[in-house]
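Hi,

Here is the structure I promised to pass on.

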Amino acid sequence: MLRLLISYSFMLFFTLLLMSPPLIVSRTTLDHTLFEQPASKITIKNHDIQSFNNAGRGTKIIGISQFKRYLFRFGYLPRHNNNNTFTDEFDAKFELALIKYQQRLGLQVTGKLDSNTISQMITPRCGVQDTRIHNIHHITKHFMYFPGKPRWSRHMPMTLTYAFSPVYMIHSLSMHEIRAAFQRAFLKWASVIPVSFVEAEDYGFAEIKIGFYSGDHGDGEPFDGVLGVLAHSFSPESGRLHLDAAETWAVDFGVTKSEVAVDLESVATHEIGHLLGLSHSSVKEAVMYPSLRPRDKRADLNIDDIKGVQSLYGSNPNFNSDEWSLESDLSVNRGPEFGVKPLWLGAGLIIFSMIHTLFAWC
């Protein structure tokens, strides 16, 4: 009787074991789960960077698929298949996408996952896709427009109204602090073009609608949590400006000590540029450069930003172009890239003048 009971107990145990879901996860399933983070985020450990640095066409390294999804997310890699799944093979299409990304972001063009490229990819950024480069050899124009060059079609001078969502807001900053940051951001653009911005009382009728949202919020561009996509906005005349509520937004780094704090004014200034019709710039000093590191501030317009927005709306009559020095133009025109330094250029002109005078006396 005891033997029969033990026998039935073992049979019951193995039956339940077979009916239970497997606890052992296959390598394929593990890899898929490991890289199931949003396409706008890249997860990479420091000791793995070197293995990606050495990757070249034809190699296969676990994790390359996440770089492919990132490049697809921001407009550099075409759709792979209906499921948008990518392999870990370093193929020709991936190499070409890397080259386009490096060109667009003003990086050294290597076609490799070098440390500078990886560092740029893991830096928090705007969620708006980077538009195509029409002429990569043009050294004096770096600002870009949205396809079709859209702009607000109003009589000049123009006034646009904006309002903050009464529902989708954050409470880590006061409304006074948020309003003040946006007022400064709007004023920067208004000072260079004949467009003014006025806060409206009625959110529903405002031309520009501002809100802080979390995750999937219904516009097809879900946010991804802390330090991924910081914000996104849409081309004219949509007027929607969305910020990720998960970020630690700051208006004063002296007060907000968090290492992941993001400057609200810098991001607001950037997104307003999109609302006006500008796409991303390849000039790293420009407000319209797509990425911003935590605790960095880049809220002052660069000459590249000004030229771009003025080409859409014209110049503010009170804008003084003389305030922008020749050195600003040289920095935008990549003078240093060709070995032309303003100091050496001035010294050369002085020497030339002295030699010319000497020969004249002779």
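Helices (H or I, at least four residues) and strands (E, at least two) are DSSP runs, numbered from the N terminus. Mind that this is a predicted model: local features need pLDDT of at least 70, side-chain atom pairs count only at pLDDT 80 or more, and totals for chains, interfaces and linings use all residues. Residues are numbered from 1 along each chain as its sequence is written, and side-chain values use heavy atoms, with hydrogens and water left out.

Let me start with α9. Asn302 caps its N-terminal end, with a side-chain oxygen 2.8 Å from the backbone nitrogen of Asp304. Just past the helix, Gly314 has a positive phi of about 85 degrees. Of the 11 residues in α9, 9 are buried (under 20% relative accessible area; exposed is over 50% and partly exposed in between, with a 1.4 Å probe and protein chains only). Among the buried ones are Ile303, Ile306, Val309, Leu312 and Tyr313.

On to the inside. In soluble globular proteins, nonpolar side chains tend to be buried together. The largest nonpolar core here has 46 residues, and Phe182, Trp189, Phe197, Leu243 and Trp249 have the most contacts inside it. (A nonpolar core is a set of buried Ala, Val, Leu, Ile, Met, Phe, Trp, Tyr and Cys residues joined through side-chain atoms within 4.5 Å.) Elements supplying at least two residues each include β1 (158–164), α7 (175–190), β5 (240–244) and α9 (303–313). The largest share, 7 residues, comes from α7. Apart from this core lies another, of 26 residues, including Tyr70, Leu77, Met121 and Tyr213.

What about the geometry of α7? Its 16 residues should span 22 Å at 1.5 Å a residue, and its end C-alpha atoms are 22 Å apart, which agrees; the expected span is 1.5 Å times one less than the number of residues. Phe182, Phe186 and Trp189 are among its buried residues, and their cover includes β1, β2, β3, β5, α8 and α9.

UniProt, in an unreviewed entry, places the feature "binding site" at Asp224, Gly225, Asp244 and Glu247; its positions are given in the numbering used here, feature names are shortened, and annotations may be inferred rather than shown by experiment. These residues span 24 residues in sequence, yet no two of their C-alpha atoms are more than 9.9 Å apart, so they gather at one spot.

Where does Asp224 sit? It is in the loop between β3 and β4 (231–233), and it is buried, at 11% relative accessible area. Its side chain makes a polar contact of 2.3 Å with that of Ser40. Asp244 lies in strand β5 and is buried too, at 1%. Leaving out residues up to four places away in sequence, Asp244 touches Asp224, Gly225 and Trp249, among others (contact means heavy atoms within 4.5 Å).

Pro222 and Gly127 are 95 residues apart in sequence and 9.3 Å apart in space, C-alpha to C-alpha.

Cheers

Conventions: Polar contact = N/O pair within 3.5 Å; in protein donor to acceptor, adjacent residues only side chain to side chain.
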